[in-house]
Amino acid sequence: MLKGKKIVLGVTGGIAVYKAVDLVSRLRKQGAEVRVVMTEHAQEFVTPLTFKEISGNKVAVSMWESNQEFNVEHIALANWADVFVVAPATANILAKMACGIADDLLSTTLLAAQAPIIVCPAMNTGMYENPATQENIARLQQRGVTVMPPAVGMLACGTAGAGRLPEPQQIVDFIKNFVAKREGDMRGLKVLVTAAGTREPIDPVRFVGNRSSGKMGYAIAQAAAERGADVLLVTGPSALPLPPNVQACKVETTAEMLKSCLDAYDSVDIVIKAAAVADYRPHDVADQKIKKKTDDALTVVMDKNPDILKELGMRKKHQILVGFAAETQNLLENAREKVVKKNLDMIVANDVTAAGAGFNAETNIVKFLFPDGSVSSLEQMPKTAVAEKLLDTVMQLKSSK
Ligand code: PMT
């Protein structure tokens with residue numbers, strides 16, 4: 001995604017400058033060309049020589065250098081960039097950007113930039129939460145600047161809170177996702193996503209269901225649509241608003257979900273089955289509400305539902321087929337069995353008993369498993385971030401298929 005991309009990295013004066021060195025190295029490993037612009041304060045933390053060696057390019061530090069690489073340095077850099085990233089971005093540079101102040105090379109280049117701008121604020125929590133900084137950030141966002149939220153944790157000043165510069169790899173992933181969205185790397189692809197739980201009626205007012213909220217599947221559908229895919233979201237009942245720019249098909253039962261999936265299957269390139277599907281349905285569905293009887297127990301006989309994913313696996317031709325495995329024990333073992341049995345290209349395993357994972361949580365903790373037995377583990381992250389990582393992996397599978 002970043003191969004051949006021209007990235008200007010603005011580095012401002014904060015203790016997190018050391019992470020920016022690693023960031024440049026990682027961006028280059030992704031194939032990006034990086035040119036660094038340092039403020040005077042940033043040079044107090046790390047010398048331009050370090051960035052020159054890591055980036056392989058001369059570092060721009062002043063408007064008034066005699067040996068500038070370009071004729072009008074700030075304009076040339078501003079025009080050269082495909083993406084302009086400021087990391088770490090101090091409260092000072094955010095304030096200058098918000099006010100249009102151009103009093104050094106970096107602020108002047110930013111003002112001239114035609115490329116999209118990403119800022120990664122990093123500072124003491126008090127400074128970050130100060131209304132002045134928050135107003136500046138909001139103003140920049142209104143003008144189309146993308147803000148990567150700072151991480152929360154211990155800060156160099158000894159306090160804990162929001163304001164840490166995210167880890168370099170997280171910034172690389174953020175830039176990759178940003179570029180993926182702008183370039184629409186999934187444009188032209190048809191993606192079928194299933195979400196939420198299916199419900200099997202017992203009578204007109206009762207059903208057998210599960211705890212799936214739809215958050216995981218909706219995040220995937222939204223992320224795919226943002227990356228330009230043509231998305232069909234087959235969803236069980238959910239309280240969530242439908243993501244923009246997706247075609248939605250609302251279903252209730254497993255049989256309805258199966259039909260919608262089969263109807264669309266031949267025309268889609270990618271299927272991601274995040275829905276929690278009821279494996280059984282009541283054998284008899286009462287026409288009227290079942291009345292309370294004198295007996296202490298009510299027996300509901302259940303029939304086995306079709307396994308939608310298995311059906312899709314059996315009919316697979318050109319599609320990339322991704323399942324989820326919701327497990328409460330033997331996570332890897334069970335997920336491994338499903339990836340093979342259902343003829344999947346990949347399965348996303350989540351231990352739904354872990355805090356911060358599974359049903360109705362905002363975050364998830366997942367492992368990607370592949371038919372060759374390889375596993376890639378992700379740390380706890382928002383379901384939106386899991387969705388992006390999942391789509392990155394699906395795109396890799398697609399290009400290698
Ligand atoms: O919706 P959220 O609240 O955000 O919760 C997300 C989630 C926990 C539901 C999601 O992350 C998840 O794990 N979804 C899969 C749930 C599930 O049904 O897992 P399973 O291990 O029982 O099924 C394995 C796979 O087969 C799944 O892709 C499932 O969609 C599919 N399946 C299962 C049974 C069946 N009859 N038909 C199927 O297609």
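## Basis of the model

The structure is a predicted model, in which local features need pLDDT of at least 70 and side-chain atom pairs count only at pLDDT 80 or more, whereas totals for chains, interfaces and linings use all residues. Residues are numbered from 1 along each chain as its sequence is written, and side-chain values use heavy atoms, with hydrogens and water left out.

## The chain as a whole

The protein chain has 13 helices and 21 strands; these are DSSP runs, with helices being H or I of at least four residues and strands being E of at least two, numbered from the N terminus. Along its principal axes, the C-alpha trace spans about 90 × 45 × 35 Å.

Of the 401 residues in the protein chain, 50% count as buried, where buried means under 20% relative accessible area, exposed means over 50% and partly exposed lies in between, using a 1.4 Å probe and protein chains only. A contact means heavy atoms within 4.5 Å, and among contacts between residues at least 6 apart in sequence, 67% join residues at least 24 apart.

## The sheet around β1

Five strands form an open sheet in the order β2-β1-β3-β4-β5, and their pairing is parallel; two strands are said to pair if DSSP finds at least two bridges between them. Strands β2 (33-38) and β5 (146-147) stand at the edges with a single partner strand each, so one side of each has no neighbour in the sheet. Helix α3 (residues 73-80) packs on this sheet and touches β1 and β2, and its direction makes about 145° with that of β2; such angles run from 0 to 180 degrees between N-to-C directions, with axes being lines fitted to C-alpha atoms, for helices over the stretch in contact.

Strand β1 (residues 6-11) is joined to the parallel strand β3 (residues 83-89) by four bridges, and β1 pairs with β2, also in the parallel sense, over six bridges. Strand β1 is mostly covered, with five of its six residues buried.

Strand β8 (residues 190-195) runs parallel to β13 and is joined to it by four bridges, with Val191 opposite Ile270. Strand β13 also pairs with β16 in the parallel sense over four bridges, and there the bridge partner of Ile272 is Val322.

## Two buried alanines

Ala335 is found in helix α12, and it counts as buried because its relative accessibility is 0%. Leaving aside neighbours within four places in sequence, Ala335 is in contact with Ala325, Glu327, Ile347, Ala349 and Leu369. Leu369 is 34 residues away along the chain, yet the C-alpha atoms of Ala335 and Leu369 are separated by 7.5 Å.

Ala276 is found in the loop between β13 and β14 (280-282), and its relative accessibility of 15% is why it counts as buried. Beyond neighbours within four places in sequence, the contacts of Ala276 include Ala196, Gly197, Asn210 and Phe359. Ala276 and Ala195 are 81 residues apart in sequence, but 7.2 Å apart in space from C-alpha to C-alpha.

## The two largest pockets

On a 1 Å grid over the protein atoms alone, a pocket is an open set of points where a 1.4 Å probe fits, with protein on both sides within 12 Å along at least five of seven lines, and lining residues have an atom within 4 Å of a point. The largest pocket holds about 1400 Å³ of space and is lined by 41 residues, of which Asn177, Met381, Thr384, Ala385 and Glu388 lie nearest its centre. Elements giving two or more residues to this lining include α8 (168-183) and α13 (383-400).

The second largest pocket holds about 1000 Å³ of space, and its lining has 40 residues, with Val277, Asp279, Phe324, Ala326 and Lys338 nearest its centre. Helix α11 gives the most to this lining, with five residues, while α12 (331-341) and β16 (320-327) are among the elements that each supply at least two.

How values were computed:
Grid points are joined across faces, edges and corners, and a volume is the space filled by probe spheres set on the points.
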